[in-house]
Amino acid sequence: MKVKIFDESHEKDLEEDINNFLKEQEREIINIQFNVSNAIYGEEQIYCFSALILYQDKKI
């Protein structure tokens, strides 16, 4: 079993990263966990969109 972690400041970037990862090769996805957090820095809001994917490489 392997783990891949993604972290982006915009949800569309996270979506693109995950889709690219899934296209790279055959994998059996065991679980995907998603989280959103935000913080305020001065007058700016900062978002963090993250995902953790548990997977197994498919044996050929």
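**Sheet, helix and salt bridges in the predicted model**

Ser50 is placed in strand β3 of this structure, which is a predicted model. With a relative accessibility of 19%, Ser50 counts as buried, because the limit for that class is under 20% relative accessible area. When residues up to four places away in sequence are left aside, Ser50 is in contact with Phe6, Asp7, Leu14, Gln33, Phe34 and Asn35.

The sheet to which β3 belongs is open and consists of three strands in the order β1-β3-β2, with antiparallel pairing. Strands β1 (2-8) and β2 stand at the edges and have a single partner strand each, so that one side of each lacks a neighbour in the sheet. From one strand to the next, the twist averages 15 degrees. Seven bridges connect β1 with β3 (residues 44-57) in the antiparallel sense, and Phe6 is found opposite Ala51 of β3. Helix α1 (residues 11-24) packs on this sheet and touches β1, β2 and β3, its direction making about 150 degrees with that of β1.

Four salt bridges are present in the structure. In one of them, the side chains of Arg27 and Glu24 meet with an N to O distance of 3.5 Å; Arg27 counts as buried at 13% relative accessibility, whereas Glu24, at 57%, counts as exposed. Arg27 also forms a salt bridge with Asp57, for which the closest N and O atoms are 3.9 Å apart. This second pair links distant parts of the chain, since Asp57 lies in strand β3 and Arg27 in strand β2, 30 residues apart. Asp57 counts as partly exposed, with a relative accessibility of 25%. Through shared partners, salt bridges join Lys2, Glu24, Arg27 and Asp57 into one network.

A further salt bridge is formed by the side chains of Lys58 and Glu26, at 3.8 Å from N to O. Here too distant parts of the chain are linked, with Lys58 in the segment after β3 and Glu26 in the loop between α1 and β2, 32 residues apart. Lys58 counts as partly exposed at 46% relative accessibility, and Glu26 counts as exposed at 57%.

On the surface, a nonpolar patch is made up of Leu22, Ile29 and Ile32, which together have about 220 Å² of accessible area. Of these residues, Ile32 is located in strand β2 (residues 27-41) and is partly exposed, its relative accessible area being 44%.

Notes: Residues numbered from 1 in each chain as written. Predicted model: local features only at pLDDT ≥ 70, side-chain atom pairs only at ≥ 80, totals over all residues. Heavy atoms only, no water. Patch = residues over 30% accessible without salt bridge, like charges linked within 9 Å, V, L, I, M, F, W, Y side chains within 5 Å. Areas by Shrake-Rupley, 256 points an atom, 1.4 Å probe, with all protein chains shown as cover. Helix = DSSP H or I, 4+ residues; strand = E, 2+ residues; numbered from the N terminus. Buried < 20%, exposed > 50% of the residue type's maximum accessible area, 1.4 Å probe, protein only. Pairing = 2+ DSSP bridges. Axes fitted to C-alpha atoms, helices over the stretch in contact; angles between N-to-C directions. Contact = heavy atoms within 4.5 Å.
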